[in-house]
Amino acid sequence: MSLSKEVMTAMKEAMKAKDTNALTSLRAIKSAILLAQTESGAKEDLTEDQELKLLQKLVKQRKDSAAIFKEQGRDDLAQPELDQAAVIAKFLPEQMSEEAIEKAVTAIIEKTGAAGMKDMGKVMGMASSELAGKADGKTISTIVKNKLSS
């Protein structure tokens with residue numbers, strides 16, 4: 001089932017359950033899908049890769065907003081953002097643990113023969129495509145930096 005159909009099904013369930021948080025999150029996903037479809041000019045469905053990137057972007061936006069709100073001492077605004085991020089993350093594949101990411105990055109470094117920070121772009125490119133949807137880009141970047149600098 002495509003992402004938009006899954007979202008519509010979940011929206012109906014959220015409406016029946018009167019879950020406003022889930023409903024807000026699902027409407028944000030639906031809106032982002034429609035924007036992405038009209039951006040490309042065609043009414044075609046998005047590819048699975050595009051859907052993953054879109055969902056990751058939405059989760060990242062919510063988490064960044066929550067971090068800013070917490071810095072400013074506004075936990076009342078941060079919590080709904082984190083709740084929405086959790087609802088959106090349910091549509092993403094299961095995220096890898098840091099240990100699993102570290103193993104994958106180590107394998108990529110060995111495969112490419114990367115020797116230092118000058119090879120970071122090459123390693124990040126391969127790691128990002130290999131771990132797409134399964135790991136956060138920031139986490140991947142941090143692990144790659146640690147591995148290449150040591």
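This is a predicted model: local features need pLDDT of at least 70, side-chain atom pairs count only at pLDDT 80 or more; totals for chains, interfaces and linings use all residues.
Residues are numbered from 1 along each chain as its sequence is written, and side-chain values use heavy atoms, with hydrogens and water left out.

**Overall picture**

- The chain holds seven helices and zero strands, where helices (H or I, at least four residues) and strands (E, at least two) are DSSP runs numbered from the N terminus.
- Read along the sequence, the pattern is α-α-α-α-α-α-α.
- The C-alpha trace spans about 55 × 45 × 25 Å along its principal axes.
- Of the 150 residues in the chain, 35% are buried.
- Among contacts (heavy atoms within 4.5 Å) with a separation of 6 or more, 58% join residues 24 or more positions apart.
- The chain exposes about 9500 Å², with carbon and sulfur atoms supplying 53% of that area; accessible areas come from the Shrake-Rupley method with a 1.4 Å probe, and for residues only the protein chains shown count as cover.

- Helix α3 covers residues 48–71, and its 24 residues should span 34 Å at 1.5 Å a residue; the end C-alpha atoms are 35 Å apart, which agrees. The expected span is 1.5 Å times one less than the number of residues.
- The buried residues of α3 are E51, L52, L54, L55, L58, V59, R62 and A66.
- Those buried residues pack against α1 (3–17), α2 (20–39) and α4 (75–89).
- Q84 sits in helix α4 and counts as buried because its relative accessibility is 12%.
- Leaving aside residues up to four places away in sequence, Q84 touches N21, T24, S25 and R62.

**Backbone points to check**

- G73 follows α3 and has a positive phi, near 75°.
- K18, in the loop between α1 and α2, has a positive phi near 55° although K18 is not a glycine.
- For context, most residues other than glycine have a negative phi.
- K18 counts as exposed, since its relative accessibility is 70%.

**Charges and salt bridges**

- There are 23 positive and 23 negative side chains, and the centres of the two sets lie 3 Å apart. Lys and Arg count as positive and Asp and Glu as negative, with His and the chain ends not counted; each charge is placed at NZ of Lys, CZ of Arg, CG of Asp or CD of Glu.
- The structure holds four salt bridges, each a side-chain nitrogen of Lys or Arg within 4 Å of a carboxyl oxygen of Asp or Glu.
- One of them joins D76 and R74, whose closest N and O atoms are 3.0 Å apart; R74 is partly exposed at 36%.
- D64 pairs with K60 at 2.9 Å between the closest N and O atoms. Both lie in α3, four residues apart, about one turn of the helix.
- D64 is partly exposed at 38% relative accessibility, and K60 is partly exposed at 45%.
- E102 and K147 meet in a salt bridge at 3.4 Å, N to O. E102 lies in α5 (residues 98–112) and K147 in α7 (residues 137–149), so the pair ties together parts that are 45 residues apart in sequence.
- E102 is partly exposed at 34%, and K147 is partly exposed at 29%.

Note on methods
Buried means under 20% relative accessible area, exposed over 50%, partly exposed in between (1.4 Å probe, protein chains only).
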